[in-house]
Amino acid sequence: MLPVDPLYVALALLVAGIAGSFLPLVPGGGLSMVGVGYYWYVTGEPGTLAVVGLLGLGVLAVAFDWLGGALAANVGGASMRTTAIAAVVTLPLLVVLGPLGLLVGVAGTVFALEYRRHGDVDLSLRAAAYATVGVLASTAMQVLMTASVLAGFLLAVLL
């Protein structure tokens, strides 16, 4: 069996990180960090400063993944309880409907719980809209961060 070049393994993980940013429950930032860490462990390249910077971008991607939607819902007026329940309710919908289930689950749950809490359609719609936009913006930021890790990795390794 022929050994696989560490660069190809790292690039595959970095590209998977970008793709994973689009898919719920796939840790895009984590895959990117594993790609950088693997290459550094095997080859000793790139330098420590580059690795720390690239891993920092990966950590930011993970933070956007975990916190983006919840923070946006909170800014929109939803309670922490509502955002926590929305996260739990969304999981089965995600399995059944995929990414659409994520958006429908977040928007529907936040709207219903905030309407029950306040009895105000406008406040509930606002909170649901913020939560939904937050989920989409979180995905966009994850893609940006993981693509930046790939670009920075290529610059650090190939230059």
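Pro3 sits in the segment that comes before helix H1 (6–22); helices here are DSSP runs of H or I with at least four residues, strands are runs of E with at least two, and both are numbered from the N terminus. This is a predicted model, in which local features need pLDDT of at least 70, side-chain atom pairs count only at pLDDT 80 or more, and totals for chains, interfaces and linings use all residues. Residues are numbered from 1 along each chain as its sequence is written, and side-chain values use heavy atoms, with hydrogens and water left out. Pro3 has a relative accessible area of 75%, so it counts as exposed (over 50%; buried is under 20%, partly exposed is in between, with a 1.4 Å probe and protein chains only). Between the C-alpha atoms of Pro3 and Pro46, which are 43 residues apart along the chain, the separation is 21 Å.

As for the overall layout, the chain has six helices and zero strands, giving the order α-α-α-α-α-α from the N terminus on. Taken along the principal axes, the C-alpha atoms fill a box of roughly 60 × 35 × 20 Å. Of the 159 residues in the chain, 35% are buried.

Confidence comes as pLDDT, the predictor's own score for each residue, from 0 to 100. The chain averages 91, with 99% of its residues at 70 or more.

Val95, Val96, Leu97, Leu100 and Val104 make a nonpolar patch of about 510 Å². The elements giving two or more residues to this patch are H4 and helix H5 (99–118), and H4 gives the most, with three residues. Patch members need over 30% relative accessible area and no salt bridge, and nonpolar side chains (Val, Leu, Ile, Met, Phe, Trp, Tyr) are joined within 5 Å, like charges within 9 Å. A salt bridge puts a side-chain nitrogen of Lys or Arg within 4 Å of a carboxyl oxygen of Asp or Glu. Leu100 belongs to H5 and is exposed, at 53% relative accessible area.

Helix H6 (residues 121–158) runs for 38 residues. From first C-alpha to last, H6 reaches 55 Å, close to the 56 Å expected at 1.5 Å a residue, where the expected span is 1.5 Å times one less than the number of residues. At the start of H6, a side-chain oxygen of Asp120 comes to within 2.9 Å of the backbone nitrogen of Asp122.

Terms used
Polar contact = N/O pair within 3.5 Å; in protein donor to acceptor, adjacent residues only side chain to side chain. Areas by Shrake-Rupley, 256 points an atom, 1.4 Å probe, with all protein chains shown as cover.
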